[in-house]
Amino acid sequence: MARVRVGRVGEQVKKEISQILQSEIKDPRIGFLTVTGVDVTNDLSQAKVYLSVLGTDEQKEGTLKALSSASGYVRSELGKRIRLRKVPELIFKFDTSIDYGSRIESLLHDLNDGKSAE
């Protein structure tokens with residue numbers, strides 16, 4: 001039963017953080033980003049926020065630094081929007097699954113091109 005609540009809280013946190021980052025954070029270091037997922041611990045003390053960021057590695061690092069410095073503001077806004085006894089600590093991480101998937105797709109595409117040339 002508690003697992004269901006953790007999942008619902010995670011989805012709500014994901015939705016609210018997406019809205020906060022899109023509409024309220026005006027830091028120029030933050031590029032085009034998408035919140036791909038949120039993993040919340042069972043005791044709701046920490047939330048790992050997974051992000052997909054478009055741009056170079058330098059832009060991605062700048063985005064991560066900007067989000068780390070804005071995490072207090074994001075957390076306070078989250079507390080205003082979601083009624084929880086304790087707002088989880090936010091940990092921002094890059095989601096590499098999209099890059100990994102596109103790499104696999106390009107390898108498969110190259111493999112198919114090699115077979116059709118024979």
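Read along the sequence, this chain runs α-β-β-α-α-β-α. That makes four helices and three strands. The model is predicted.

## Overall dimensions

The protein chain has a radius of gyration of 18 Å, whereas a compact globule of 118 residues would have one near 13 Å. Along the principal axes, the C-alpha atoms fill a box of roughly 65 × 40 × 20 Å. Of the 118 residues, 32% count as buried. The accessible surface comes to about 8,100 Å². Carbon and sulfur atoms account for 52% of that surface.

The three strands form an open sheet in the order 1-2-3, with mixed pairing. Strand 1 (33-40) and strand 3 (89-94) each have a single partner strand, so they stand at the edges and one side of each is left without a neighbour in the sheet. From one strand to the next, the twist averages 25°.

Strands of a sheet pair through backbone hydrogen bonds, in either the parallel or the antiparallel sense. Both senses occur here. Strand 1 pairs with strand 2 (residues 46-53) in the antiparallel sense, over seven bridges. Strand 2 pairs with strand 3 in the parallel sense, over six bridges.

Individual residues show how the strands line up. Thr 34 stands opposite Ser 52 in strand 2. Gly 37 has Tyr 50 of strand 2 as its bridge partner. On the strand 3 side, Val 49 is bridged to Phe 92.

Helix 2 (residues 57-69) lies across strand 1, strand 2 and strand 3. Relative to strand 3, helix 2 runs at about 180°.

## The hairpin and Leu 44

Strand 1 and strand 2 form a hairpin with five residues between the strands. Leu 44 lies in this loop. The phi of Leu 44 is near 60°, a positive value in a residue other than glycine. Leu 44 counts as buried because its relative accessibility is 10%, and the cut-off for buried is under 20%.

## The nonpolar core

The largest nonpolar core has 28 residues. Those with the most contacts inside it are Ile 17, Leu 21, Leu 33, Val 35, Val 49, Leu 51 and Leu 90. Two or more residues come from each of helix 1 (2-23), strand 1, strand 2, helix 2, helix 3 (71-81) and strand 3. Helix 1 gives the largest share, six residues.

What does Leu 90 touch, leaving aside its neighbours within four places in sequence? Its contacts are Ile 17, Ala 47, Val 49, Ser 71, Val 74, Arg 75 and Leu 78. Two of these, Ile 17 and Val 49, are also among the core residues with the most contacts.

Glu 16 has its place in helix 1. Is Glu 16 buried or exposed? Glu 16 is buried, because its relative accessible area of 9% falls under the 20% limit. Not counting residues up to four places away in sequence, Glu 16 touches Leu 78, Arg 81 and Ile 82.

Arg 75 lies in helix 3. Its relative accessible area is 31%, so Arg 75 is partly exposed. Leaving aside neighbours within four places in sequence, Arg 75 is in contact with Lys 86, Val 87, Pro 88, Glu 89 and Leu 90. Tyr 50 is 25 residues away from Arg 75 along the chain, and their C-alpha atoms are separated by 15 Å.

The table sets these accessibilities side by side.

| Residue | Relative accessible area | Class |
|---|---|---|
| Glu 16 | 9% | buried |
| Leu 44 | 10% | buried |
| Arg 75 | 31% | partly exposed |

## Drawing it together

The open sheet has strand order 1-2-3, and helix 2 lies across its three strands.

Methods: Residues are numbered from 1 along each chain as its sequence is written. This is a predicted model: local features need pLDDT of at least 70, side-chain atom pairs count only at pLDDT 80 or more; totals for chains, interfaces and linings use all residues. Side-chain values use heavy atoms; hydrogens and water are left out. Two strands pair if DSSP finds at least two bridges between them. Axes are lines fitted to C-alpha atoms, for helices over the stretch in contact, and angles run from 0 to 180 degrees between N-to-C directions. Contact means heavy atoms within 4.5 Å. A nonpolar core is a set of buried Ala, Val, Leu, Ile, Met, Phe, Trp, Tyr and Cys residues joined through side-chain atoms within 4.5 Å. Buried means under 20% relative accessible area, exposed over 50%, partly exposed in between (1.4 Å probe, protein chains only). The radius of gyration is taken over C-alpha atoms; the globule rule is 2.2 Å times the number of residues to the power 0.38. Accessible areas come from the Shrake-Rupley method with a 1.4 Å probe; for residues, only the protein chains shown count as cover.
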